[in-house]
Amino acid sequence: MERIDEILSQLTTEEKVKLVVGVGLPGLFGNPHSRVAGAAGETHPIPRLGIPAFVLADGPAGLRINPTRENDENTYYTTAFPVEIMLASTWNRDLLEEVGKAMGEEVREYGVDVLLAPAMNIHRNPLCGRNFEYYSEDPVLSGEMASAFVKGVQSQGVGACIKHFVANNQETNRMVVDTIVSERALREIYLKGFEIAVKKARPWTVMSAYNKLNGKYCSQNEWLLKKVLREEWGFDGFVMSDWYAGDNPVEQLKAGNDMIMPGKAYQVNTERRDEIEEIMEALKEGKLSEEVLDECVRNILKVLVNAPSFKGYRYSNKPDLESHAEVAYKAGAEGVVLLENNGVLPFDENTHVAVFGTGQIETIKGGTGSGDTHPRYTISILEGIKERNMKFDEELASTYEEYIKKMRETEEYKPRTDSWGTAIKPKLPENFLPEKEIKKAAKKNDVAVVVISRISGEGYDRKPVKGDFYLSDDELELIKTVSKEFHDQGKKVVVLLNIGSPIEVASWRDLVDGILLVWQAGQEMGRIVADVLVGKINPSGKLPTTFPKDYSDVPSWTFPGEPKDNPQRVVYEEDIYVGYRYYDTFGVEPAYEFGYGLSYTKFEYKDLKIAIDGDILRVSYTITNTGNRAGKEVSQVYIKAPKGKIDKPFQELKAFHKTKLLNPGESEKIFLEIPLRDLASFDGKEWVVESGEYEVRVGASSRDIRLRDIFLVEGEKRFKP
């Protein structure tokens with residue numbers, strides 16, 4: 001701190017103001033490129049004091065920088081990892097830490113100081129366009145996954161930035177919408193994951209969200225940024241705004257938003273002025289004190305003195321992409337969720353496969369927007385099947401290749417580039433094959449695989465319509481025809497869901513024999529899919545989010561706010577009843593419940609023991625692989641609270657564990673600790689654990705509870721926020 005105070009004392013007022021405002025969006029609006037082309041933002045350097053420019057870049061699914069640069073024949077590829085919802089489906093903290101380490105190494109070796117990830121907003125509604133880059137509907141799973149990832153990134157000497165703080169759970173009007181939510185729901189659902197990550201992993205930075213929270217922009221909300229984040233949780237990094245967030249830089253600094261990014265808001269909003277001028281003016285007029293400014297600068301410096309740029313680190317531009325590809329494969333392998341398996345999977349090596357669906361070739365590696373990546377390659381599903389030497393219908397594959405090529409040359413289906421520079425491909429009709437072609441394929445192959453793909457991204461939400469949340473008519477027709485023809489021949493059908501967020505499955509799943517949720521697994525997509533199909537990978541992923549039977553069952557019916565065509569406010573009427581908390585409490589049947597996922601083997605749960613030791617609940621049990629294949633199991637510990645003064649959900653996830661790879665007959669004994677404080681509800685002032693009988697429920701999903709026991713909490717316990 002002495003060193004920081006020394007730097008601070010040497011800075012002029014104008015230099016301090018420059019340190020709290022970014023340089024503008026690099027490479028756009030006439031701004032110079034960042035030294036790392038494609039980075040999202042940079043800070044102002046102060047050369048006379050040896051303070052360099054710090055570089056910030058996007059990346060929940062991998063570092064997002066430009067692969068090519070002007071007058072430079074080198075390429076700067078980064079690894080495309082699985083999207084966050086798929087990483088959360090692994091329920092594997094060690095794996096998330098490994099992904100973080102690999103990503104952190106790329107950040108450091110490409111000259112970046114802070115990775116703008118992980119994103120950890122809650123899946124309040126399945127239609128949020130960015131759910132693919134958020135972890136879960138549950139704050140405990142989200143917080144634990146984020147903590148492990150942040151630790152991994154920061155072990156490489158660079159910073160992570162948890163975002164978007166807080167309640168940025170939709171893209172529609174995200175810059176202005178006012179999120180109206182009770183303090184209880186905020187603290188128990190929307191803030192809780194951030195709290196876990198701040199306390200367990202100590203991220204360097206937090207990004208404040210675009211939206212308003214109960215009337216105030218998050219980046220201008222002192223209660224959120226100072227009282228909750230700093231005072232209650234002890235956060236000691238710096239807070240930056242989301243890009244062009246809020247409407248008043250002076251209010252942002254006063255509220256505890258230390259850095260205003262990317263700077264030069266007037267370049268995108270003609271009603272704004274240069275933030276540096278506005279802050280200088282406020283200082284002159286006494287509307288902003290030098291103390292407040294100093295505090296912001298101090299927060300920034302105390303983080304950035306640890307950054308590679310400050311230390312003069314000589315980055316190589318040569319991260320270990322080979323080993324990172326292996327990490328990406330491993331993470332995707334554990335994130336695949338087996339939803340249905342009526343004796344069809346895995347295939348044996350002699351199985352002849354007919355693959356349907358344009359997604360086999362135009363496989364979606366991840367979503368669009370700041371969560372996109374530029375890898376060296378992406379292995380499509382068809383390429384993976386070929387590379388793994390599976391027996392597949394080559395004639396059918398060429399028919400698809402020719403169809404896609406021809407359609408992409410027509411005006412209607414030409415790829416177009418979005419504002420992020422991503423090639424967006426309009427969805428092609430899937431039912432172009434005559435029925436006799438499908439019949440022919442059914443005669444000469446043993447099994448059909450149908451690929452259904454979806455993509456979404458930053459800046460827009462999904463819609464509860466055919467072709468998005470629901471299958472389009474042509475997709476449904478393809479599944480129906482393929483199923484009829486293959487079933488007529490006594491053969492089976494598997495659907496692969498290459499999607500980033502739930503879609504409706506209940507109305508058509510009975511037509512097929514197997515459903516594999518392969519999410520958007522990044523660059524290793526095709527290899528992962530092929531290896532799951534043939535059983536080289538035994539799926540061990542479990543859902544981090546509920547798949548509703550129908551969109552009308554979703555509790556967040558106010559999404560995306562009022563008025564419908566241009567929402568200005570969104571009221572969280574469902575309060576704490578988000579995701580499974582709603583479905584379980586009110587007896588609404590989902591298509592697939594939270595925590596659900598099948599395996600190619602079977603697991604038995606036994607020997608539950610619980611004990612209260614001071615303020616800790618100790619839980620132990622044993623899991624045994626009783627099937628005939630090696631596999632991993634994710635077990636989940638839910639707690640059901642007694643009926644008391646405070647309304648409670650039916651049950652809540654409080655702990656989880658993923659086993660090591662268990663061979664047939666092998667067991668693992670699991671020991672978990674749950675602080676009693678984690679059972680508390682917020683009563684408006686304090687966290688309260690009411691007295692009474694609590695039930696420990698250990699299960700393979702939120703609805704597949706295998707072990708139960710009761711413990712007593714005698715006397716109410718209260719905790720300060």
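A cavity is a set of grid points where a 1.4 Å probe fits but cannot get out, and in this predicted model the largest cavity holds about 90 Å³ of space.

**Enclosed space**

- Lining the largest cavity are 14 residues, among which His123, Pro126, Glu137, Thr545 and Thr546 are the closest to its centre.
- When the lining of the largest cavity is divided by class, 6 residues are nonpolar, 6 are polar and 2 are charged.

**The largest pocket**

- The volume of the largest pocket is about 1,200 Å³, and 43 residues form its lining.
- Nearest the centre of the largest pocket lie Ile364, Ala423, Ile424, Lys425 and Ile455.
- The lining of the largest pocket comprises 17 charged, 16 polar and 10 nonpolar residues.

**The second largest pocket**

- About 840 Å³ of space lies in the second largest pocket, whose lining is made up of 33 residues.
- Leu25, Leu28, Arg64, Ser419 and Trp420 are the lining residues that lie nearest the centre of the second largest pocket.
- In the lining of the second largest pocket, 14 residues are nonpolar, 11 are polar and 8 are charged.

**A nonpolar patch on the surface**

- Leu28, which is among the residues nearest the centre of the second largest pocket, also belongs to a nonpolar surface patch together with Phe29 and Val268.
- Taken together, the three residues Leu28, Phe29 and Val268 have about 270 Å² of accessible area.
- Val268 is placed in the loop that lies between helix 9, residues 249-255, and helix 10, residues 275-284.
- Val268 counts as partly exposed because its relative accessible area is 43%, a class that falls between the buried limit of under 20% and the exposed limit of over 50%.

**A buried residue in a strand**

- Cys161 is found in strand 4, which covers residues 159-165.
- Cys161 has a relative accessible area of 0%, so this residue is classed as buried, a term that applies under 20%.
- Although Cys161 and Val206 are 45 residues apart along the chain, their C-alpha atoms are separated by 5.1 Å in the model.

Key. Residues numbered from 1 in each chain as written. Predicted model: local features only at pLDDT ≥ 70, side-chain atom pairs only at ≥ 80, totals over all residues. Heavy atoms only, no water. 1 Å grid on protein atoms, 1.4 Å probe; cavity = no way out; pocket = protein on both sides within 12 Å on 5 of 7 lines; lining within 4 Å. Points joined across faces, edges and corners; volume = space filled by probe spheres on them. Nonpolar A, V, L, I, M, F, W, Y, C, P; charged D, E, K, R; others polar. Patch = residues over 30% accessible without salt bridge, like charges linked within 9 Å, V, L, I, M, F, W, Y side chains within 5 Å. Areas by Shrake-Rupley, 256 points an atom, 1.4 Å probe, with all protein chains shown as cover. Salt bridge = Lys/Arg side-chain N within 4 Å of Asp/Glu carboxyl O. Helix = DSSP H or I, 4+ residues; strand = E, 2+ residues; numbered from the N terminus. Buried < 20%, exposed > 50% of the residue type's maximum accessible area, 1.4 Å probe, protein only.
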